[in-house]
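Colleague: I am new to reading protein models, and I would be glad if you could take me through this one step by step. Please answer each question slowly, and end on the value or name I asked for.

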Amino acid sequence: MTAPDEIMIRATQLREQLNRHSYHYYVLDSPKIPDAEYDRLFQELQTLEAAHPALIAPDSPTQRVGGKPLEAFTPVRHRVPMLSIRTETDTSPNGARAFDTQVRRELDLSEGAALVEYACELKFDGLAINLRYEQGLLVQAATRGDGETGEEVTQNVRTIKTVPLRLHGDAPAILEVRGEAYMSRPDFERYNARQRAAGLPALVNPRNGAAGTIRQLDSSLAAKRPLSFFAYGLGEVQGWEPPATHSAVLDALAAFGLPVCHERAAVWGADGLIAFHNDIAGKRDALPFDIDGVVYKINRMAWQRQLGFRTREPRWAVAHKFPAQEELTAVEAIEVQVGRTGAITPVARLRPVFVGGVTVTNATLHNADEIARKDVRVGDTVIVRRAGDVIPEVVSVVLDRRPDDTQPFVMPETCPVCGSSIVRPEGEAVARCIGGLYCRAQRKEAIRHFASRRAMDIEGLGDKLVEQLVDQEKVQGPADLYALDITALAGLERMGAKSAANLVAALERSKMTTLARFLFALGIREVGEATAMTLAAHFGTLEALITAEEEVLRQTPDVGPVVAAAIRAFFQEPHNQHVIARLRAAGVHWPDVARKPMVAQSLAGKTFVLTGTLDSLTRDQAADRLRALGAKVSGSVSKKTDYVVAGHDAGSKLDKAQELSVRILDETGLLALLEDSCIL
């Protein structure tokens with residue numbers, strides 16, 4: 001039912017007022033009215049929309065509270081690839097000089113030519129997001145994903161109050177805005193204080209808080225977490241001619257009502273880059289959000305287009321990180337963790353210390369040799385370093401602060417999880433628990449690995465579910481997964497009948513696999529994904545591999561003495577034989593690979609790129625089969641690409657292949673090539 005004209009006019013006025021005040025409050029940090037007045041206007045609009053649902057508009061402030069929970073995220077193909085920026089590993093001024101030198105060389109600027117102008121920005125520590133506006137209205141938000149395809153997170157991004165639901169002014173027909181969703185330090189602390197007061201889990205750090213919020217299936221929960229957004233670039237644009245410089249592009253985005261960080265500058269030459277890097281490094285701790293460096297971009301857009309991209313990175317931009325941050329703290333305990341393959345890793349439990357943008361409570365000590373070399377003891381004051389996403393580590397001990405009663409750390413002789421013996425093979429730095437799948441810690445990690453996408457690809461079997469299954473003794477090994485039924489699963493936390501049915505169906509689908517995936521899923525030491533594919537292609541059947549002696553194994557390409565010994569030891573272990581037998585009995589199967597040694601590596605040296613959707617096999621399966629023949633499978637097209645395999649809905653990669661005159665195969669051509677090479 002249509003609302004009366006005066007009510008429609010009032011609703012429009014309220015939306016405009018509230019959006020304007022939100023912009024001043026959240027983006028400009030300059031509120032124009034008291035909070036109580038904003039709340040009164042908001043409640044008035046809510047009342048009107050409740051009485052007249054037809055008034056509800058996509059850009060209404062009332063629509064930021066979240067919608068119906070999703071069952072899964074929808075894939076979104078980026079019309080313009082959303083590429084990562086290369087990171088300069090040299091954190092000194094030489095990193096800036098190296099980038100300027102590279103740019104001048106690639107632009108073919110002579111030594112006496114004018115300096116290059118750069119746009120300098122901050123490297124935010126959050127989650128990259130693409131916002132798509134059509135006729136000024138926010139219609140879609142997506143994560144970066146792999147750069148080609150991300151996940152739609154529109155409902156969650158709509159809850160971010162700094163993201164305008166409608167652009168200001170005369171907006172383009174299509175405007176895609178790239179930027180970073182982040183959680184400010186004050187918002188992070190306030191949120192965690194509320195969580196702790198309510199007896200609920202706190203967030204680990206602002207970056208994880210941002211990523212977890214954006215990937216929250218229930219947007220009403222996402223709305224309770226305070227995120228912000230900064231715009232820093234463009235994706236697809238139609239109906240608008242962007243300005244000639246990147247700095248002016250950011251100014252234009254700000255004029256559209258998008259939040260753009262004020263800590264940016266246009267500078268000239270390497271000296272300008274260094275000055276900006278030093279300036280921001282000095283301000284870093286005072287900023288209200290986390291950063292781990294700065295970003296340099298050639299300011300002139302025409303030069304950006306001229307330089308283009310290398311692989312998956314722009315040539316015209318670089319991220320220049322800050323030196324690793326270090327702080328002092330105390331070692332309160334030293335414990336050991338048990339990894340998937342039984343590796344025993346000592347970990348220092350630290351007095352909490354804020355370093356590198358997060359509160360650190362643990363730091364790796366790597367192995368017994370490392371502890372002995374640094375002589376780390378309980379009670380020591382130590383220097384802790386964290387650089388970017390790297391696991392925090394103990395750099396050194398402050399010996400003049402060591403208490404008199406400290407004792408050297410001694411590695412335990414038995415596993416803290418299962419009580420099995422810990423052994424350290426001769427010549428290796430890592431000690432290991434020999435409990436195998438009987439060890440609860442290894443069991444969980446082994447099952448997670450077994451179910452992972454590149455192994456058995458059991459969709460829906462996530463970390464939390466594996467924890468429950470093992471803790472409740474429903475699963476003691478991989479074969480037990482295939483005995484699970486809807487009744488057993490439906491009683492688990494967050495597992496209803498529908499989710500249980502979906503997981504049972506996924507388990508059934510996973511029974512049909514490939515030998516390479518099965519070998520990788522077993523978690524054999526030294527056998528990664530590539531080695532598993534090589535073994536499958538070389539031996540053809542599991543039986544041939546199991547019975548192979550070390551001398552035979554070493555005849556396999558890329559399999560040396562260490563790998564051969566690990567493979568032989570794995571298959572000689574009776575418990576592992578039992579696990580494999582139970583998996584086969586449960587119905588796990590695969591087609592044997594026809595062995596023809598003369599052509600086993602017939603595609604060695606060839607580079608393939610897969611794009612679009614194939615009918616008879618997934619892109620992962622196609623990539624597995626190509627790699628088994630020695631081919632390299634790349635994610636981007638270049639002059640070095642030999643073949644592009646184009647399925648349905650192939651996009652920019654196909655266009656690039658045609659532009660470079662790269663040979664293109666359709667699905668029929670790919671299957672014929674594989675069949676000729678005896679891989680099918």
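Colleague: At what angle do helix H20 and helix H21 pack?

Modeller: In this predicted model, helix H20 covers residues 561-572 and helix H21 covers residues 574-585, and their axes are 5 Å apart. Because angles from 65 to 115 degrees count as roughly perpendicular, H20 is roughly perpendicular to H21. The packing angle is about 75°.

Colleague: How many nonpolar, polar and charged residues does the contact of H20 with H21 have?

Modeller: On the side of H20, the residues that meet the other helix are Phe-570, Phe-571 and Gln-572. On the side of H21, they are Pro-574, Asn-576, Gln-577 and Ile-580. Divided by class, the residues of this contact are four nonpolar, three polar and no charged.

Colleague: Which handedness does the crossing of H17 with H22 have?

Modeller: Helix H17 (residues 529-539) and helix H22 (residues 619-628) have axes that come within 9 Å and cross at roughly 65°, which makes H17 roughly perpendicular to H22. In this contact, Glu-529, Met-533 and Ala-537 of H17 meet Asp-624, Arg-627 and Ala-628 of H22, and by class there are three nonpolar, no polar and three charged residues. The crossing in which H17 passes H22 is right-handed.

Colleague: Which residue just after H22 takes a positive phi?

Modeller: Within H22 itself, the buried residues include Ala-622, Ala-623, Asp-624, Leu-626 and Ala-628. Just after this helix comes a residue whose phi is positive, at about 95°, and that residue is Gly-630.

Colleague: Which strands stand at the edges of the open sheet of four strands, and why is one side of each left without a neighbour?

Modeller: The order of the strands in this sheet is S5-S4-S7-S8, and the pairing is antiparallel. Neighbouring strands are turned against each other by 25° on average, direction ignored. Each edge strand has a single partner strand, so one side of it is left without a neighbour in the sheet; the edge strands are S5 (137-143) and S8 (228-238).

Colleague: Which residue in S7 stands opposite Arg-132?

Modeller: Strand S4, made of residues 127-134, and strand S7, made of residues 174-182, run antiparallel and are joined by eight bridges. The residue of S7 that stands opposite Arg-132 is Glu-176.

Colleague: Does Thr-101 count as buried, partly exposed or exposed, and what is its relative accessibility?

Modeller: Thr-101 has its place in helix H3, and its C-alpha atom is separated by 12 Å from that of Asp-271, which is 170 residues apart from it along the chain. Because buried means under 20% and exposed means over 50%, Thr-101 counts as partly exposed, with a relative accessibility of 46%.

How values were computed:
Residues are numbered from 1 along each chain as its sequence is written. This is a predicted model: local features need pLDDT of at least 70, side-chain atom pairs count only at pLDDT 80 or more; totals for chains, interfaces and linings use all residues. Side-chain values use heavy atoms; hydrogens and water are left out. Two strands pair if DSSP finds at least two bridges between them. Helices (H or I, at least four residues) and strands (E, at least two) are DSSP runs, numbered from the N terminus. Axes are lines fitted to C-alpha atoms, for helices over the stretch in contact, and angles run from 0 to 180 degrees between N-to-C directions. Angles under 35 degrees count as roughly parallel, over 145 as roughly antiparallel, 65 to 115 as roughly perpendicular and the rest as oblique. A crossing is left-handed if the near helix is turned anticlockwise from the far one by less than a right angle, and right-handed if clockwise. Contact means heavy atoms within 4.5 Å. Ala, Val, Leu, Ile, Met, Phe, Trp, Tyr, Cys and Pro count as nonpolar, Asp, Glu, Lys and Arg as charged, and the others, Gly among them, as polar. Buried means under 20% relative accessible area, exposed over 50%, partly exposed in between (1.4 Å probe, protein chains only).
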